[in-house]
Amino acid sequence: MPRTARSLVPFLALVLALGACSSPASSVAPSESASPQPTKSATPEPTVTPSASAEPNSAAPSPSPSEVGELRPFAVASNSEADALFLDRDDCENSADGYRLEFPDAWYTNTAIGDVEPCSWFSPTFYEVPDPSDVPPEIAITIEYIDSAFAVNEDVISSQRGIVGGTQSAWRAEYRHGGEGATPDPSGWQGYLYVVLLGPSQATGPNLVLSTATDMGGDYELNKAVLDRIVATMEFIGTIQ
């Protein structure tokens, strides 16, 4: 998948990134719209950024090929509000980055605009995109393709390995601003993400990063539950490892 990383999030740590997609300085539109606008189904995102030379930290070791066969799909946390949202679903596809998925029909996603691929931003509310290089503050979940190594240089609260789409090894983690081994900032944000390996390892890339955080749109706990369910519906298309 010969693509380059698209970093649309502020820097803060070693490596990490959030994806993006949206429309020009026009308003969000339901999924029926053919224009390059959010379709019906952040303030700065967690401080993360891709790096070709950085190694994942000790909280996210890359699995060996033998481990991949032993991994299982990620468990989905109980959340009645997220369950209710997923009773009525829409779907979208990002052929450039190689995936399709389902999301709540009540939410909004984006069509392609500029360097931002479709099916990359998700919001529970209507939003406008005056500048596609900036993630709108209403966006609750982002997906970004990173053609490099990826790691989290933050205080990892919890993490686990699993598989996504039946074939792809992935790492799920929740983390707190402050850096590994640092004293957590009580006023800082928390983040929750999935890193899906699309290449030989997380340390070499490419990686697909799906993320939400406390400084993004919507309710953080609900966003986490919706992200879990989006990931559970993902299918991978095109040429991937």
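1. Buried means under 20% relative accessible area, exposed means over 50%, and partly exposed lies in between, with a 1.4 Å probe and protein chains only. By this scale Glu-128 is partly exposed, with a relative accessible area of 48%. Glu-128 sits in the loop between β5 (121-123) and β6. Its C-alpha lies 8.9 Å from that of Glu-138, a residue ten places apart from Glu-128 in sequence.

2. A word on the source. This is a predicted model, in which local features need pLDDT of at least 70 and side-chain atom pairs count only at pLDDT 80 or more, while totals for chains, interfaces and linings use all residues. Residues are numbered from 1 along each chain as its sequence is written, and side-chain values use heavy atoms, with hydrogens and water left out.

3. Helices (H or I, at least four residues) and strands (E, at least two) are DSSP runs, numbered from the N terminus. Two strands pair if DSSP finds at least two bridges between them. An open sheet of three strands has the order β2-β3-β11, and its pairing is antiparallel. β2 and β11 (235-236) stand at the edges with a single partner strand each, so one side of each has no neighbour in the sheet.

4. Strand β2 (residues 89-94) and strand β3 (residues 99-104) run antiparallel and are joined by six bridges. Asp-90 has Phe-103 of β3 as its bridge partner. Four residues lie between the strands of this hairpin, and Gly-98 takes a positive phi near 85°. On the other pairing, β3 and β11 share two bridges, with Phe-236 in β11 as the bridge partner of Tyr-99.

5. In a regular strand the side chains alternate between the two faces of the sheet. In β2, the covered face has Asp-90, Cys-92 and Asn-94, whereas Arg-89, Asp-91 and Glu-93 belong to the uncovered one.

6. How many disulfides does the structure hold? The structure holds one, a disulfide being a pair of cysteine sulfur atoms within 2.5 Å. Cys-92 and Cys-119 form it, with their sulfur atoms 2.0 Å apart. The pair links distant parts of the chain, 27 residues apart: Cys-92 is in strand β2 and Cys-119 in the loop between β4 (108-109) and β5. Cys-92 counts as buried at 11% relative accessibility, and Cys-119 counts as buried at 0%.

7. A nonpolar core is a set of buried Ala, Val, Leu, Ile, Met, Phe, Trp, Tyr and Cys residues joined through side-chain atoms within 4.5 Å. The largest one has 32 residues, and those with the most contacts inside it are Leu-101, Phe-122, Leu-208, Leu-210 and Val-226. Its largest share, seven residues, comes from α3. A second, separate core of ten residues includes Phe-150, Ala-173, Val-195 and Val-209.

8. Helix α3 (residues 220-233) lies across β2, β3 and β11 and runs at about 140° to β3; axes are lines fitted to C-alpha atoms, for helices over the stretch in contact, and angles run from 0 to 180 degrees between N-to-C directions. Leaving out residues up to four places away in sequence, Val-226 touches Ala-82, Leu-85, Phe-86, Pro-104, Trp-107 and Ile-141, where contact means heavy atoms within 4.5 Å.

9. Seven of the eight residues of β9 are buried, so β9 is largely enclosed by the rest of the structure. Strand β8 (residues 168-176) pairs with β9 in the antiparallel sense over seven bridges, and seven bridges also join β9 to β10, again antiparallel.
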